[in-house]
Amino acid sequence: MLTKDSMLILALHNARVGYFNGKLINIIAATTLHINPNFPEAELLTLRGKDPLLAVPFVAQTIHIDGRYTRMTISSIREGMSIRPETIQTTLLAVLRFVNINDKKFYYAACPLIVNERPCKKKCTHHANDSWFFSRCQMTMQDCNYSYLLPLKLQDAIGTLWATAFDEGGIHLLHKTAKQLYALQNDGTTIETPSSVIKRVLSCYYSFTLLVSTETYNSEMKMKVKVNKVAPVEFKAECHALLAKIGCLSTKS
């Protein structure tokens with residue numbers, strides 16, 4: 001930790017300083033770190049990267065902001081679920097890097113009926129006579145609905161994470177229903193396609209509300225990540241929260 005009378009200049013490439021308390025640097029494999037001038041604190045930081053006995057893993061952890069919600073990084077999500085596998089809801093600030101629609105399986109045929117005041121949305125089976133059979137409701141109809149099954153690749157400063165967006169998350173992200181996107185896929189009269197809709201949201205920064213859980217398959221525990229909500233990042237609010245954190249640290253020092 002630097003004293004208030006010293007100054008450390010860090011030149012970081014492909015990295016991000018977190019927490020602003022001198023203990024956390026979010027890095028990836030391509031990160032380079034240049035330190036100037038050569039303060040004792042800087043020397044210690046350099047030694048931590050060279051000496052295994054002094055090395056400290058740079059792992060991001062849970063951040064609580066104003067008691068409103070819990071925010072985690074991809075690294076802390078993975079670490080937390082490996083230590084204590086339980087269902088959690090968290091917020092992740094990340095860039096949407098990729099949406100897998102190459103195999104055209106970003107949706108599934110779903111039951112349109114209302115069950116217990118909520119849409120059923122269970123998968124249905126297409127019959128040869130152009131009808132649809134809904135196994136849960138035990139009914140056959142001539143039409144069905146479509147629901148999202150969007151595989152998303154999210155990336156923050158530390159790593160990447162695959163998540164699945166169903167209807168709630170998919171509509172928040174694309175501002176279209178799965179049925180509307182399905183219609184674009186089969187409509188040859190418009191220049192708008194599912195690919196063009198998705199390109200508009202790629203490489204954008206979002207606040208993802210995630211439901212993270214684990215399941216065991218063939219004695220192997222796997223992590224499942226569901227996107228419940230997608231919202232644009234409120235940069236003004238983020239800056240205010242960050243300045244408040246810095247102010248607390250300045251007061252303590």
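Predicted model: local features only at pLDDT ≥ 70, side-chain atom pairs only at ≥ 80, totals over all residues.
A residue counts as buried when its relative accessible area is under 20%. Cys111 has a value of 2%, so Cys111 is buried.

The structure holds zero disulfides. A disulfide needs the two sulfur atoms within 2.5 Å. Cys239 has another setting: its relative accessibility is 47%, so Cys239 counts as partly exposed.

Now turn to the charged side chains. Six salt bridges turn up in a search of the whole structure. One of them joins Lys179 and Asp143, with N and O 3.8 Å apart. This pair links distant parts of the chain, 36 residues apart. Lys179 lies in helix H4, which covers residues 178-185. Asp143 lies in a loop, with strand S11 (139-141) on one side and strand S12 (145-148) on the other. How accessible are the two partners? Lys179 is partly exposed, at 37% relative accessibility. Asp143 is partly exposed too, and its relative accessible area is 46%.

A second salt bridge pairs Lys176 with Glu192, and here the closest N and O atoms are 3.9 Å apart. The cut-off for a salt bridge is 4 Å, so this pair counts. Glu192 is partly exposed, with 22% relative accessibility. Buried would require under 20%.

Glu192 has a further partner. Its side chain also meets that of Arg200 in a salt bridge, at 3.0 Å from N to O. Arg200 has a relative accessible area of 52%, so Arg200 is exposed. The cut-off for exposed is over 50%.

What do Lys176, Glu192 and Arg200 form together? The three residues are linked in a network of salt bridges. Glu192 takes part in both contacts described here, with Lys176 and with Arg200.

Conventions: Residues numbered from 1 in each chain as written. Heavy atoms only, no water. Helix = DSSP H or I, 4+ residues; strand = E, 2+ residues; numbered from the N terminus. Buried < 20%, exposed > 50% of the residue type's maximum accessible area, 1.4 Å probe, protein only.
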